[in-house]
Amino acid sequence: MSDTPANPTAAAAPVHHVRAAPQRNYDNPYAKRLFLIIDSLPQMQRALAMTLSSFGANTVEYASRPADALAKMAKFEFDVVLCDYDLGNGYDGLYLFEEIKTRNLLKQSCVFMIVTGERRTQRVISAAELAPDDYLLKPFTGEVLRARLERAMRKREAFKLVDENILRHEYLAAIETCNRKVEENGEFALDFMRLKGSLALKIQDFDTARDTYMRVLRVKPATWAKMGLAKALAGLKSLDEARLLFEAVLADSSQVMEAYDWLARLYRGNHDLKRAQHMLQQAAEKSPVVFSRQQQLAEVAALNKDLAVAETAYQQTLDIAKYTWHRSPTHYATLARIQLARGDSAAASRTLGNLRHDYRYNEEAEWLAGVVDSQLQTQNGNADKAGELLDAAGERFRQLSSKLEQDAQLEYARACYRQGRADRGDAVMEFLIRNHHDDEDMLARFGDMFEEIGLGPQGRQLIASNVKSVTELNNQAVHLAQSGEFDAAIERFVKALEEMPQNVQIMLNLISSVLAYVSRNGWHESHMRRAYELLGKARELAPTNNKFQKILLSWRLVVSKMDKPQWVI
């Protein structure tokens with residue numbers, strides 16, 4: 001039997017294979033770097049290119065639209081990106097930068113600089129919050145640009161060592177590199193500690209994050225280290241300590257926007273919705289262009305029954321998302337739901353019309369429009385029409401469920417509950433709960449949904465019973481594996497995945513059982529093939545999962561030990 005996977009790369013999460021810039025043998029450091037200029041105006045592209053050329057930077061690519069920029073970043077390894085703030089259609093350089101970071105399209109050593117004439121305080125705060133390397137205000141001279149680039153590039157150069165690890169979501173390896181650089185105590189030791197802390201937070205290694213930030217604070221009372229320590233404490237459930245530290249950060253500086261967001265999270269978790277909403281409104285007034293903040297404000301205000309604020313925030317969420325990677329038909333559905341809750345059928349009807357117009361020929365969006373329409377018809381007293389629309393959505397849900405976003409499925413469940421179809425709503429929610437039984441944030445969102453529609457006690461019971469049953473099933477299979485009954489454990493996990501195909505915990509436990517089986521009994525082609533595919537799927541669904549990171553290392557050790565290099569993922 002062949003020991004080569006049928007298509008190993010197909011199973012793995014997408015990895016951006018970028019082409020390096022051609023080698024350029026010049027002494028001038030700028031001649032050795034590949035630049036990308038992103039600006040909608042050709043004359044501005046030429047002006048920037050001429051400025052760069054004046055100090056030896058001659059290898060330049062151009063992009064006029066965000067889509068062009070993203071395509072080029074997937075193709076080339078850029079050293080410097082100069083991006084105009086205003087990219088047209090309501091899309092700006094900050095949105096693009098956020099998408100680039102989320103999609104891992106730039107190496108750590110790449111310099112990303114916003115170039116703009118925008119001087120309004122709110123925008124400057126947002127730029128600093130999203131943390132591009134610099135924010136260069138027009139007009140500027142070539143010497144000013146050169147000085148700012150030199151400062152940014154020298155620092156970024158030091159981070160090349162961790163580029164590949166982070167691009168491939170190999171965060172444990174990146175953390176180990178940071179450890180080495182910190183111990184060397186070089187010029188950028190503190191910066192490597194900062195990166196280590198952020199990576200530890202990303203994979204939810206809160207102990208490592210806490211220790212790292214405390215080590216920094218013993219040397220320097222940096223605001224970023226206080227923020228990192230507070231996040232680590234929140235992750236470790238030391239919630240009062242975390243709250244006090246976030247408050248201390250804001251006492252030092254009211255411009256640290258993330259502190260407002262985290263305090264709102266803590267208040268929301270403690271069911272203090274009024275204070276959570278107040279925190280988010282304060283932050284949104286100072287820095288309104290952050291998508292996640294407006295979305296959180298909308299959700300909290302809806303739970304707090306402040307529907308006017310919820311509608312405004314949902315509208316802002318929709319406006320921000322419309323020309324960005326956040327774009328989704330669910331934003332129209334949530335806005336229409338709040339408009340209906342306010343009794344404004346006309347506004348909800350307009351939002352529904354916009355959804356249908358903006359997502360013509362999109363199957364999932366058309367389905368969601370039917371769900372929204374059923375709610376609209378209910379509001380307008382057309383019960384028969386509402387029932388027909390919901391029945392049609394229910395039929396199509398069976399075919400579309402695997403393609404639908406979780407928020408879209410939640411909107412369908414809401415509609416079912418509100419129209420007296422509790423059995424259908426329960427079926428949707430049971431599937432979502434069982435596939436996320438160990439995700440506290442997701443379960444809290446489900447609980448909030450039940451509270452919002454007036455089914456809090458029933459919802460809590462549904463969540464608790466399903467979490468318990470999945471936990472028991474998982475524990476039974478884990479016990480089998482720990483007892484050396486690997487075949488039985490694998491069989492149990494496989495059956496569980498058939499029922500819960502998105503449950504990352506079950507996936508990872510199955511992979512772990514396969515690795516244990518192979519380590520004891522030798523290579524097993526079909527078991528390893530299944531585990532290989534699941535490892536790729538887990539990386540796609542939850543690349544920052546701490547257990548996934550550890551299993552990825554174990555996988556590589558096993559395939560290396562058994563001399564199966566073609567199975568490396």
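Strand 3 and strand 4 (residues 111–116) pair in the parallel sense over 5 bridges. Two strands count as paired if DSSP finds at least two bridges between them. Strands (E, at least two residues) and helices (H or I, at least four) are DSSP runs, numbered from the N terminus. The model is predicted: local features need pLDDT of at least 70, side-chain atom pairs count only at pLDDT 80 or more, and totals for chains, interfaces and linings use all residues. Residues are numbered from 1 along each chain as its sequence is written, and side-chain values use heavy atoms, with hydrogens and water left out.

Strand 1 (residues 35–38) also pairs with strand 3 in the parallel sense, over 4 bridges. Leu 82 of strand 3 stands opposite Ile 37. In strand 4, the bridge partner of Leu 82 is Met 113. Strand 3 (residues 80–84) has 5 of its 5 residues buried, so it is largely enclosed by the rest of the structure. Buried means under 20% relative accessible area, exposed over 50%, and partly exposed in between (1.4 Å probe, protein chains only). Val 80, Leu 82 and Asp 84 point one way; Val 81 and Cys 83 point the other way.

Two loop residues come next. His 436 is in the loop between helix 22 (422–435) and helix 23 (440–452). Its relative accessibility is 12%, so His 436 counts as buried. Not counting residues up to four places away in sequence, His 436 touches Gln 406, Met 442 and Leu 443; contact means heavy atoms within 4.5 Å.

Asn 503 is in the loop between helix 25 (486–499) and helix 26 (504–521). Asn 503 is buried, with a relative accessible area of 1%. Beyond four places in sequence, Asn 503 touches Arg 434, Asn 435, His 437, Val 470 and Leu 497.

The table lists side-chain polar contacts. A polar contact is a pair of N or O atoms within 3.5 Å; within protein, one must be able to donate a hydrogen and the other to accept it, and residues adjacent in sequence count only if both atoms are side-chain atoms.

| Side chain | Backbone atom | Distance |
|---|---|---|
| His 436 | oxygen of Leu 432 | 2.9 Å |
| Asn 503 | oxygen of Arg 434 | 2.7 Å |
| Asn 503 | nitrogen of Ile 506 | 3.0 Å |

The end C-alpha atoms of residues 470–503 lie 10 Å apart. This span is 79% helix and 0% strand.
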